[in-house]
Amino acid sequence: MKVQHRPGPWVPIYWGKTISIDAPNYCGVAFINPRGDSDSGTPSQQDRANARLISAAPELLQACRNLLRVVVVEEELSPEDMAVIIRHAADTVRKAEGGEV
């Protein structure tokens, strides 16, 4: 039996040094429980980057599926539809890397 992941969007929730990656309705997907930046009580920059990447996983998966539609040509797509798919993939990668979308 194929197990499906919990639907997104997933968001990082910060609880002191701990980061919870939550699906809708505060349903926990993953937890990062790091040491943080020395004794500051906040997650390190690397832990925050990991949380962004984990949180973006459902959107990244969908962006890859959409890009495959363009590359494999499963269906006839207009140039406008292809541009939307490519822009969505680029925006999702920017989001996962911590940039503005």
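Contact, as the word is used throughout this report, means heavy atoms within 4.5 Å. The model is predicted, and local features therefore need pLDDT of at least 70 and side-chain atom pairs count only at pLDDT 80 or more, whereas totals for chains, interfaces and linings use all residues. Residues are numbered from 1 along each chain as its sequence is written, and side-chain values use heavy atoms, with hydrogens and water left out.

## Overall layout

The chain holds three helices and three strands, where helices (H or I, at least four residues) and strands (E, at least two) are DSSP runs numbered from the N terminus. Read along the sequence, these elements follow the pattern β-β-β-α-α-α. Of the 101 residues in the chain, 24% are buried; here buried means under 20% relative accessible area, exposed means over 50%, and partly exposed lies in between, with a 1.4 Å probe and protein chains only. Among contacts in the chain between residues at least 6 apart in sequence, 37% join residues at least 24 apart.

## The strands and the segment before them

In the segment before β1 (11–15) lies Pro9, and a cis peptide bond with omega of about 5 degrees joins Gly8 and Pro9. Most peptide bonds are trans.

Val11 has its place in strand β1 and, at 38% relative accessibility, counts as partly exposed. Its neighbours within four places in sequence left aside, Val11 is in contact with Ser20, Ile21, Asp22 and Ser55. The C-alpha atoms of Val11 and Ala23 are separated by 6.6 Å, although these residues are 12 apart along the chain.

Ala30 is found in strand β3 (residues 27–32), and with a relative accessible area of 22% Ala30 is partly exposed. Not counting residues up to four places away in sequence, Ala30 touches Ile19, Ser20, Ile21 and Ile54. Between the C-alpha atoms of Ala30 and Trp10, which are 20 residues apart along the chain, the separation is 9.8 Å.

## Residues of helix α1

Helix α1 (residues 45–55) includes Asp47, which is buried with a relative accessible area of 12%. The side chains of Asp47 and Ser44 are joined by a polar contact of 2.9 Å, a term for a pair of N or O atoms within 3.5 Å in which, within protein, one must be able to donate a hydrogen and the other to accept it, and for which residues adjacent in sequence count only if both atoms are side-chain atoms.

Ser55 is also found in helix α1, and at 5% relative accessibility Ser55 counts as buried. Residues up to four places away in sequence not counted, Ser55 touches Trp10, Val11, Pro12 and Ile21.

## Helix packing

Two packed helices are described by the angle between their axes and the distance between the axes. Axes are lines fitted to C-alpha atoms, for helices over the stretch in contact, and angles run from 0 to 180 degrees between N-to-C directions.

| Helix pair | Angle | Axis distance |
|---|---|---|
| α1 and α2 | about 50 degrees | 5 Å |
| α2 and α3 | about 150 degrees | 9 Å |

The angle of about 50 degrees between α1 and α2 makes α1 oblique to α2, given that angles under 35 degrees count as roughly parallel, over 145 as roughly antiparallel, 65 to 115 as roughly perpendicular and the rest as oblique. This contact is made by Leu53, Ile54 and Ser55 of α1 together with Ala57, Pro58 and Leu60 of α2. By class, the contact of α1 with α2 has five nonpolar, one polar and no charged residues, where Ala, Val, Leu, Ile, Met, Phe, Trp, Tyr, Cys and Pro count as nonpolar, Asp, Glu, Lys and Arg as charged, and the others, Gly among them, as polar.

For helix α2 (residues 57–72) and helix α3 (residues 79–96), the packing angle of about 150 degrees makes α2 roughly antiparallel to α3. The residues in contact include Leu60, Ala63 and Leu67 of α2 and Ile85, Ala89 and Val93 of α3. By class, the contact of α2 with α3 has 10 nonpolar, three polar and three charged residues.

Ala89, found in helix α3, is buried with a relative accessible area of 9%. Leaving aside its neighbours within four places in sequence, Ala89 is in contact with Ala63 and Leu67. Ala89 and Leu60, 29 residues apart in sequence, are 7.3 Å apart in space, C-alpha to C-alpha.
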